Amino acid sequence: MAEGATGAAAASKPPAAQPSATQDEQHGTRNKVARSILDHGPSTAAELALRLGLTQAAVRRHLDALVAEGVVEARAKRVYGSRGRGRPAKVFALTDCGRDAFDQAYDQLAADALRWIARTAGGGEVGEAAVAAFARARVEAQAEKYHAALESVPPEDKAQALARALSADGYAATARAAPAQAGEQLCQHHCPVAHTAEQFPQLCEAETEVFSRLLGTHVQRLATIAHGDGVCTTFIPRTHAPPKSAAKPPAARAPARPPKTTNSNASNATEANEAGRNPA
């Protein structure tokens, strides 16, 4: 009887756990959450839920799992301008580990190659100049394609056109109005060479120079993923100047000078005095 009981117990014991369709689906959804953060930058649970068509509760469960895996981290949302009452919303951004899960497998190879270039050129300032020359040559090759995309676009739409061209190259870029409507912000939510750019800032500098030339105005890099920010942000000032006729008001007319009466009166007085004199 004991033997039968043992057999029954063995028969009732569930088999070793196997990956279920539900687990695969959850893993796929989790990857979609991470990819959405990569494409759109640091996001709140509400924003992710809206983009992915999920409930906020479901998104939070996936975010908790991603945080536990070290793929995502929570941080306070940046607020531009005056902040309302209460604590700022919490956003979730990819960690370096999370970015590594995407197409950054060749970062180490690229960094090694740039170090070799610097060393072969002689090191020091000469080596840094050689790396900068390489960075400019690399970005110039991309700029030819971007120039074709912006060539026939009006000035007010160039930032949007550049964002689309960058997105096609994997930078997940967007363009939007800057705070206080002083211009626009070009945001790159992904950088395929972020780890390399952390060691060699010449890559970011060369890219900024090309953006300035493509957009026809001076631009300012506000933040970079390579320096630990969630998004590479470039400020593009508004360049539409008022027409020259309206830029400078017409010169005001000088008030008419009053007639000079002092000399006239003095002359009259002199004449009167002379008239009363006896001739010599």
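What follows is a walk through this model, from the overall chain to its sheet, its packed helices and its cavities.

Keep in mind that this is a predicted model, in which local features need pLDDT of at least 70 and side-chain atom pairs count only at pLDDT 80 or more, while totals for chains, interfaces and linings use all residues. Residues are numbered from 1 along each chain as its sequence is written, and side-chain values use heavy atoms, with hydrogens and water left out.

Start with the big picture. The protein chain has twelve helices and six strands, where helices (H or I, at least four residues) and strands (E, at least two) are DSSP runs numbered from the N terminus. Of its 280 residues, 33% count as buried; buried here is under 20% relative accessible area, exposed is over 50%, and partly exposed is in between, using a 1.4 Å probe and protein chains only. Take the contacts (heavy atoms within 4.5 Å) between residues at least 6 apart in sequence: 53% of them join residues at least 24 apart.

Now for the strands. Two strands count as paired if DSSP finds at least two bridges between them. β1 (residues 72-76) and β2 pair in the antiparallel sense over five bridges, with E73 standing opposite A93 in β2. Strand β2 (residues 90-94) is mostly covered, four of its five residues being buried.

The other strands to look at make an open sheet of four, in the order β3-β4-β6-β5 with antiparallel pairing. The edges belong to β3 (173-177) and β5 (220-223), each with a single partner strand, so one side of each has no neighbour in the sheet. Ignoring direction, neighbouring strands of this sheet are turned by 25 degrees against each other on average; axes are lines fitted to C-alpha atoms, for helices over the stretch in contact, and angles between N-to-C directions run from 0 to 180 degrees.

Go across the sheet pair by pair. Five bridges join β3 to β4, and A175 has L186 as its bridge partner in β4. Six bridges join β4 to β6, including the one that makes I236 in β6 the partner of E184. Three bridges then join β5 to β6 (residues 232-237), and R221 stands opposite T234 in β6. β4 is mostly covered, with five of its six residues buried.

Helix α8 (residues 158-168) touches β3, β4 (183-188) and β6, and its direction makes about 160 degrees with that of β3. α10 touches β4, β5 and β6, with a direction about 130 degrees from that of β5.

I236 lies in strand β6 and is buried, with a relative accessible area of 7%. Leaving aside neighbours within four places in sequence, I236 is in contact with A159, G183, E184, L186, L215, T217 and V219. One of these, T217, is 19 residues from I236 in sequence and 7.6 Å away in space, C-alpha to C-alpha. The other residue is A172, in the loop between α8 and β3. Most residues other than glycine have a negative phi. The phi of A172, however, is positive, near 45 degrees, and A172 is buried, with a relative accessible area of 13%.

A cavity, on a 1 Å grid over the protein atoms alone, is a set of points where a 1.4 Å probe fits but cannot get out, and lining residues have an atom within 4 Å of a point. Grid points are joined across faces, edges and corners, and a volume is the space filled by probe spheres set on the points. Searching the whole structure gives two cavities of 30 Å³ or more.

The largest cavity holds about 110 Å³ of space. Its lining has 14 residues, among which C191, V193, L203, C204 and E207 lie nearest the centre. α7 (124-150) and α10 (202-215) each supply at least two residues of that lining. By class, the lining has ten nonpolar, one polar and three charged residues, with Ala, Val, Leu, Ile, Met, Phe, Trp, Tyr, Cys and Pro counted as nonpolar, Asp, Glu, Lys and Arg as charged, and the others, Gly among them, as polar.

The second largest cavity has a volume of about 40 Å³. V139, Q142, Y146, L166, Y171, E207, V210 and F211 line this cavity, and α7 and α10 are the elements that give two or more residues to its lining. Here the classes come to six nonpolar, one polar and one charged.

How values were computed: On a 1 Å grid over the protein atoms alone, a cavity is a set of points where a 1.4 Å probe fits but cannot get out, and a pocket is an open set with protein on both sides within 12 Å along at least five of seven lines; lining residues have an atom within 4 Å of a point.
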